[in-house]
Amino acid sequence: MSVVILYGTESGNAEIVADSVADVLTDYDPSIYDMSDYAVEDLDAADFYVIVCSTYGDGELPTGAEPFAEELDEKKPDLTGLNFAVFGLGDSIYDETFNHGGEIMAKKLSDLGATQVGEHGRHDAASAVKPTTQAEEWAGALTSVIDSVTA
């Protein structure tokens with residue numbers, strides 16, 4: 001079992017956060033992919049997935065996540081047995097759509113049978129906390145969750 005980190009970004013922040021998460025999860029031999037470069041047929045229930053996704057526009061997926069999300073919608077794979085965690089990026093000044101990108105991805109995966117585990121991380125760009133700092137703390141707490149679902 002290894003950890004696969006998939007990120008969806010518009011401006012590059014989710015990629016930076018994905019790298020920070022990988023730095024914390026080194027014991028799990030993490031690999032990092034831009035969602036726009038990852039094929040749905042490569043999803044494997046033997047791996048653990050970490051989704052890092054920003055929110056763009058009016059609560060939409062960032063451009064980098066759209067191809068993967070569209071492929072999920074078209075192919076509708078059975079993801080039963082696949083476990084994943086989500087860390088979203090957003091700005092609370094957009095109250096109704098705050099962190100909606102991560103929520104969209106979580107719903108798409110869950111609707112196909114995958115199981116979301118651990119706390120859904122939500123960074124707020126309006127806060128004084130750096131996204132990488134919050135993501136590293138979140139990933140540290142995620143290690144026990146990964147261990148429990150892969151034991």
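## Salt bridges in a predicted model

Arg 122 and Glu 103 form a salt bridge, with the closest N and O atoms 3.4 Å apart. Arg 122 sits in strand β6 (residues 121-124) and Glu 103 in helix α3 (residues 100-111), so this pair ties together parts that are 19 residues apart in sequence. Arg 122 is partly exposed, at 36% relative accessible area. Glu 103 is partly exposed too, at 29%.

The model is predicted. A search of the whole structure finds five salt bridges. Three of them are described here, among them two that involve Lys 75.

Lys 75 pairs with Glu 41, and their closest N and O atoms are 3.0 Å apart.

Glu 71 counts as buried because its 15% relative accessibility is under the 20% cut-off. Glu 41 is exposed, since its 53% is over 50%.

| Residue | Relative accessible area | Class |
|---|---|---|
| Lys 75 | 47% | partly exposed |
| Glu 41 | 53% | exposed |
| Glu 71 | 15% | buried |
| Arg 122 | 36% | partly exposed |
| Glu 103 | 29% | partly exposed |

Shared partners join Glu 41, Glu 71 and Lys 75 into one salt-bridge network.

Methods: Residues numbered from 1 in each chain as written. Predicted model: local features only at pLDDT ≥ 70, side-chain atom pairs only at ≥ 80, totals over all residues. Heavy atoms only, no water. Salt bridge = Lys/Arg side-chain N within 4 Å of Asp/Glu carboxyl O. Buried < 20%, exposed > 50% of the residue type's maximum accessible area, 1.4 Å probe, protein only. Helix = DSSP H or I, 4+ residues; strand = E, 2+ residues; numbered from the N terminus.
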